[in-house]
There are 2 protein chains.
Amino acid sequence: MKSLTEKTPCSGEEAEAVTAALPENDDAAKTAAGMTDREPARQTAVTEEDLAYMREALRLAQEAAEADEAPVGACIVQNGRLIAAARNRRESDKCATHHAEILAIEEACRTLGGWRLPGCTLYVTLEPCPMCGGAIVNARIPRVVFGAYDEKAGVFGSATDFNALTFNHKPAVTGGVLAEESRAILSAYFKGKRKN
Amino acid sequence: MKSLTEKTPCSGEEAEAVTAALPENDDAAKTAAGMTDREPARQTAVTEEDLAYMREALRLAQEAAEADEAPVGACIVQNGRLIAAARNRRESDKCATHHAEILAIEEACRTLGGWRLPGCTLYVTLEPCPMCGGAIVNARIPRVVFGAYDEKAGVFGSATDFNALTFNHKPAVTGGVLAEESRAILSAYFKGKRKN
């Protein structure tokens with residue numbers, strides 16, 4: 001899972017939902033995608049395909065919740081082909097690195113036969129943590145689409161912005177896509193946890 | 001390997017070598033450890049044990065170089081016991097995540113049977129990149145000792161400082177330990193690469 005504080009899994013103020021397909025016009029698409037003033041240059045338009053793959057990531061997050069894991073799901077798409085899909089497995093695998101994005105990136109490397117992932121988009125229900133953001137940089141993933149913002153640990157605009165640093169790869173990033181749904185799954189999970 | 005730019009694997013200006021065991025006095029130890037003004041609070045004293053494990057990490061880095069990998073080595077020690085050791089395997093495994101630190105952290109999780117690594121020190125020959133720094137945070141590793149600074153990608157004082165952000169764990173960090181040796185292995189490797 002993301003290195004969330006369990007009390008505040010993500011920030012409501014910073015995330016806005018995208019609940020509909022977006023028009024072709026870039027500015028309108030950006031506005032609808034819930035862009036904040038924080039990252040005007042990095043946001044890309046949200047397509048119908050993006051929404052479909054974010055729904056797949058949400059399905060994987062739900063699978064994680066059912067396995068009693070912090071619900072985060074991720075998938076990777078290259079040229080319209082789904083090449084990797086994973087959910088958070090930190091607790092089941094007893095492994096600190098087994099976040100959804102890391103497992104998806106490793107699967108994509110196996111599928112493509114190399115450590116670079118050209119032409120790929122990574123979809124994930126929560127803004128990547130430093131480890132996963134770093135793996136995205138290391139795998140040279142060209143584009144990242146994420147759901148809920150993570151105020152304390154998110155590295156594409158929230159806790160920090162990796163794209164504003166000196167790292168040798170800067171993915172295009174679209175945040176806040178199906179954010180309400182992504183946040184709802186997390187909130188329900190942590191609410192259940194606090195009761196137990 | 002670290003997400004190094006291959007032209008400038010690490011910054012000579014920012015790293016200083018520790019070539020001898022250090023005295024018990026904290027201030028003297030810190031000075032000898034090559035502390036910069038950048039991170040006065042986070043540095044811890046360097047012990048004889050630290051130097052021994054850094055030499056083990058250097059041995060692993062050399063192993064990486066011999067396998068034609070960017071030479072970075074890492075090991076993890078808990079209560080005086082070596083519980084994990086790895087070298088960069090990005091090229092051999094064709095996997096973006098297979099830096100020395102990630103592989104060592106995964107081995108340590110298997111050894112200890114959980115995703116938290118209490119009481120552990122991670123030794124690595126190069127300042128961790130964002131992915132590995134994030135994995136250190138996620139595994140709650142209490143202490144990190146590294147060799148050469150990495151100006152472009154290092155996250156404990158160089159490109160950024162994870163300990164100055166809002167992440168939910170902040171390891172104690174000692175940088176610049178056996179930095180000359182760590183940098184020399186990297187320089188020799190990339191010099192050889194440029195010739196080929």
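In the predicted model, Met131(B) is the residue of chain B that comes closest to the rotation axis, its C-alpha lying at 2.0 Å. Chain B is laid on chain A by a turn of 180° and a shift of 0.0 Å along the axis, with an RMSD of 0.0 Å; this is the relation of a two-fold axis. Copies were superposed by least squares on the C-alpha atoms of residues with pLDDT of at least 70 in both. The same surface serves both copies, as 100% of the contact residues of chain B recur in chain A.

Between the chains, 32 residues of chain B are in contact with 32 residues of chain A (C-beta atoms, placed from the backbone, within 7 Å). On the side of chain B that touches chain A, α4 (100-112) and α5 (130-138) each supply at least two residues (helices being DSSP runs of H or I of at least four residues, numbered from the N terminus). The most is given by α5(B), with seven residues.

The largest nonpolar core comprises 118 residues; such a core is a set of buried Ala, Val, Leu, Ile, Met, Phe, Trp, Tyr and Cys residues joined through C-beta atoms within 7 Å, where buried denotes 20 or more other C-beta atoms within 10 Å of the residue's own. Among the residues with the most contacts inside this core are Ala74(A), Cys75(A) and Ala104(A). Excluding residues up to four places away in sequence, Ala74(A) touches, among others, Ala57(A), Leu60(A), Ala104(A) and Val124(A).

Residues are numbered from 1 along each chain as its sequence is written, and chains are lettered from A and ligands numbered from 1 in the order in which they are written. Local features of this predicted model need pLDDT of at least 70 and side-chain atom pairs count only at pLDDT 80 or more, whereas totals for chains, interfaces and linings use all residues.

Note on methods:
Contact = placed C-beta atoms within 7 Å. Buried ≥ 20, exposed ≤ 12 C-beta atoms within 10 Å, placed from the backbone.
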